[in-house]
Amino acid sequence: MHQNEVSLAEALKAFLDKSPMKHRLHEMCIQQLWEELMGKTVSKYTERVEWRQGKLIITTHVAPLKQELIYARDRIKQLFNEALQEPLIEEVIIH
């Protein structure tokens, strides 16, 4: 490559870093990872998974699941940040 050339991957990353779509893409990735990382049963009983300002907000009305998720908050944060390969999740909130 010449001095001023960049790869397509680098160009796309640079574009997304400046794009307002970046937040939405991260949220979509997190939602897709939810079932993969947490399993079908947990996913089935989870009403909503959102990511806002570094917070992963998980909503469920199943009390035992809610309790398990509360105890696993640090592990959930670690799993998602490792899967995303960047520290997007600073806090996990269970509703």
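What radius of gyration does the protein chain have, and what would a compact globule of 95 residues have? And which residues make the nonpolar surface patch?

Mentor: This is a predicted model. The radius of gyration of the protein chain is 16 Å, while a compact globule of 95 residues would come out near 12 Å. Along the principal axes, the C-alpha atoms occupy a box of roughly 60 × 20 × 20 Å. In secondary structure, the protein chain has 5 helices and 3 strands, in the order α-α-α-β-β-α-α-β when read from the N terminus. Among contacts with a separation of 6 or more, 52% join residues 24 or more positions apart.

Next, the surface. Of the 95 residues, 31% count as buried.

Now the patch itself. Phe15, Met21, Leu25 and Met28 together make a nonpolar surface patch of about 370 Å². Helix H2, which spans residues 21–38, supplies the largest share of this patch, with 3 residues. Met21 is a patch member and lies in helix H2. Met21 counts as partly exposed because its relative accessibility is 45%, and the partly exposed class runs between the buried limit of 20% and the exposed limit of 50%. That value also passes the patch criterion, which asks for over 30% relative accessible area.

Note on methods:
Residues numbered from 1 in each chain as written. Predicted model: local features only at pLDDT ≥ 70, side-chain atom pairs only at ≥ 80, totals over all residues. Heavy atoms only, no water. Patch = residues over 30% accessible without salt bridge, like charges linked within 9 Å, V, L, I, M, F, W, Y side chains within 5 Å. Areas by Shrake-Rupley, 256 points an atom, 1.4 Å probe, with all protein chains shown as cover. Salt bridge = Lys/Arg side-chain N within 4 Å of Asp/Glu carboxyl O. Helix = DSSP H or I, 4+ residues; strand = E, 2+ residues; numbered from the N terminus. Buried < 20%, exposed > 50% of the residue type's maximum accessible area, 1.4 Å probe, protein only. Rg over C-alpha atoms; globule rule 2.2 N^0.38 Å. Contact = heavy atoms within 4.5 Å.
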